[in-house]
Structures are given as structure tokens and as C-alpha cells.
Amino acid sequence: MTRPTLSRSVALFRAFTKEQSDPDFFYGMLARDSVEQLGRYVDLAGKVVLDIGGGPGYFADAFRAAGATYVGIDPDVGELSARGEPAEGMVMASGARLPVRSGSVDVCYSSNVLEHVSRPWEMAAEMVRATRPGGTVFVSYTPWLSPWGGHETSPWHYLGGALARRRYQRRHGKEPKNRYGESLFSVSVASGLRWARRCREATLIEGFPRYHPWWAKPVTRLPGVREIVSWNLALVLRRH
Ligand SMILES: C[S@@+](CC[C@H](N)C(=O)[O-])C[C@H]1O[C@@H](n2cnc3c(N)ncnc32)[C@H](O)[C@@H]1O
């Protein structure tokens with residue numbers, strides 16, 4: 001398996017600039033990249049994958065193409081049906097309380113969801129609970145101090161989430177999709193690493209900046225700096 005390169009990061013960033021105009025292109029590429037990334041830790045063929053906050057089905061397509069049995073969870077009917085009919089295997093539920101038995105899946109996965117829940121580490125603990133012994137938990141999120149931490153209100157979130165939300169409303173005449181304090185919360189790199197290292201039921205295999213080339217991984221060891229430059233933190237854990 002090749003290591004993530006700078007050209008892959010550049011391609012992802014270019015695709016990200018088309019997120020609004022061509023979501024199929026961006027989310028399709030992101031999902032394929034994510035599945036390839038996860039494939040460095042676990043062979044997905046034949047595995048049962050539970051994807052928390054799976055959205056409209058781009059990840060369903062990518063996981064199935066890798067040979068996995070995919071089940072996605074999302075509480076938002078608008079997200080589930082953003083591409084038409086919800087994708088096969090999607091269940092309407094919240095990651096805060098997963099409707100699955102303990103230890104029932106091989107892989108519990110979540111991309112860009114933790115920053116949208118008010119109690120992120122409870123959701124992460126639920127993901128660990130759902131995973132079988134020896135299974136893999138992959139959780140990634142955008143830290144609040146990342147340049148994209150405020151989502152569509154960025155970069156004004158650096159002046160405060162409430163202010164950024166009010167400014168967006170004034171400028172656009174409507175609330176942002178991601179509303180600070182309601183559907184967007186401040187989650188740090190430090191809190192993610194702390195949760196993962198203290199997790200009793202699983203061992204942290206790796207924590208790294210998800211979209212960066214392999215050689216950028218040491219930034220996660222730099223308190224303060226890592227909150228801004230990681231852009232997105234990925235945590236990979238193995239269930240005991
Ligand atoms: C930014 S989207 C990410 C979608 C996809 N995972 C990705 O990486 O492109 C955030 C998703 O999290 C979902 N979400 C929000 N709160 C959630 C919760 N409590 N449990 C599970 N999913 C949630 C939203 O409905 C939305 O589909």
C-alpha cells in the first residue's frame with residue numbers, strides 16, 4: 001500500500017473547492033480516498049462496516065466496491081436523501097445511541113461527524129462498544145481551530161462561533177447549514193488524542209492529519225500548532 005503523497009493532498013484540496021458546484025465529484029473522491037486510507041489498517045473484503053453519519057451514500061458505494069458489507073447510520077432525512085432515495089443499507093438513527101449489539105461489527109467508521117454532535121466522546125465510545133474484539137474503529141473530524149473549523153462560517157469562527165454564525169446570517173439572509181452550538185461544536189485535536197489514549201476498551205494505533213501527506217504526521221505532536229494545521233484529525237483504534 002503506497003503512503004499518502006503531497007499530490008494526493010493537492011488533488012483532494014482541488015476537489016474540495018468544487019464541493020458546492022459538483023458534490024458528486026468531491027464526495028465520491030473523498031469516499032474512495034477514505035476507504036483506501038482505512039484499507040491500510042484492515043482488509044475490508046468480507047468485513048461488516050458500520051458508518052456513523054454516512055449521509056447520502058457516497059461512502060456506501062466506496063465501501064461496497066472494496067468488498068465490505070456496509071450499514072450506514074444517519075439521523076437526518078435530508079442528508080440521507082440528498083442524492084434521491086436513501087442508499088441501500090442506511091438506517092435512520094443517531095450515533096449517540098447506536099441501535100446495534102455490542103461487539104457486532106468488524107469496523108466502526110465515522111468521517112466528519114464528531115464536530116456535529118454535542119457529546120462527541122460519548123458517540124466515539126458508542127463506536128468502540130459496537131466493534132468486535134480485534135475490530136477497528138476509525139473516527140475523523142474537523143477540529144474547531146482548523147481553517148475549516150467553522151465550516152461555511154470560516155474563517156470568522158476564529159473570532160467566536162456565535163459571532164461567525166450571526167455574521168453569516170446577516171450576509172446571506174439565512175442561517176448557515178452548520179449552526180454553532182446546535183449542529184456544529186468546538187472539538188479539539190488535544191481532546192481527541194486524550195480520549196483515544198485513555199480509552200480502556202481499545203488501543204490507539206495511530207492519530208494523524210487525515211488529508212496530509214505521510215511526512216506531516218508529526219504535527220499532531222505539537223500542542224497549539226496541531227489545532228490549526230492538522231485540518232482534520234483521524235484516529236484509528238483497535239478494540240481489545
Ligand atoms: C459533514 S456530513 C459527513 C458525511 C460523510 N460522513 C462524509 O464524510 O462526507 C455530517 C453527517 O453527520 C450526520 N450527523 C449529524 N449528527 C449525527 C448524529 N448524532 N449521529 C450520526 N450522524 C450524525 C449528518 O446528518 C451528516 O450526514
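Let me begin with what pairing means here: two strands pair if DSSP finds at least two bridges between them. With that in hand, hello everyone, and please keep in mind that this is a predicted model.

Let's start with the sheet. It is open, has 7 strands with mixed pairing, and runs in the order β3-β2-β1-β4-β5-β7-β6. At the edges stand β3, residues 90-91, and β6, residues 202-209; each has a single partner strand, so one side of each is left without a neighbour in the sheet.

Now look at β7, residues 233-239. On one hand, β7 pairs with β6 in the antiparallel sense over 7 bridges. Here Phe208 stands opposite Ala234 in β7, and Gly207 has Leu235 of β7 as its bridge partner. On the other hand, β5 and β7 also pair in the antiparallel sense, over 6 bridges, and Phe138 stands opposite Val236 in β7. How many of the residues of β7 are buried? The count is 6 of 7, so to speak, a strand that is mostly covered.

Helix α6 is another one to look at. Its 12 residues, 161-172, should span 16 Å at 1.5 Å a residue, and the end C-alpha atoms are 16 Å apart, which agrees. The buried residues of α6 are Gly161, Ala164, Arg165 and Tyr168. They cover an arc of only 100° around the axis, which puts them on the same side of α6. Ala162 and Arg170, on the other side of α6, are exposed. Just after the helix, Gly173 takes a positive phi of about 70°.

That brings me to some backbone details. In general, most residues other than glycine have a negative phi, and most peptide bonds are trans. Please find the loop between β5 and α6, where His151 sits. His151 has a positive phi of about 55° although it is not a glycine. Is His151 buried or exposed? With 21 C-beta neighbours inside 10 Å, against a cut-off of 20 or more, His151 counts as buried. The loop between β5, residues 131-141, and α6 also holds Pro155, and the peptide bond from Ser154 to Pro155 is cis, with omega near 0°.

Asn112 lies in the loop between β4, residues 105-111, and α5, residues 120-130. Its phi is positive, near 60°, in a residue other than glycine. Asn112 is partly exposed, with 17 other C-beta atoms within 10 Å.

Finally, the ligand. Which residues are closest to the ligand? Of the 20 residues that surround the ligand, the closest are Gly53, Asp76, Glu79, Gly95 and Ser111. The shell divides into 9 nonpolar, 8 polar and 3 charged residues.

Methods:
Residues are numbered from 1 along each chain as its sequence is written. This is a predicted model: local features need pLDDT of at least 70, side-chain atom pairs count only at pLDDT 80 or more; totals for chains, interfaces and linings use all residues. Helices (H or I, at least four residues) and strands (E, at least two) are DSSP runs, numbered from the N terminus. The expected span of a helix is 1.5 Å times one less than its number of residues. A residue is buried if 20 or more other C-beta atoms lie within 10 Å of its own, exposed if 12 or fewer, and partly exposed in between; C-beta atoms are placed from the backbone. The arc is that of the directions from the helix axis to the C-beta atoms. A residue is near a molecule or strand if its C-beta atom, placed from the backbone, lies within 6 Å of it. Ala, Val, Leu, Ile, Met, Phe, Trp, Tyr, Cys and Pro count as nonpolar, Asp, Glu, Lys and Arg as charged, and the others, Gly among them, as polar.
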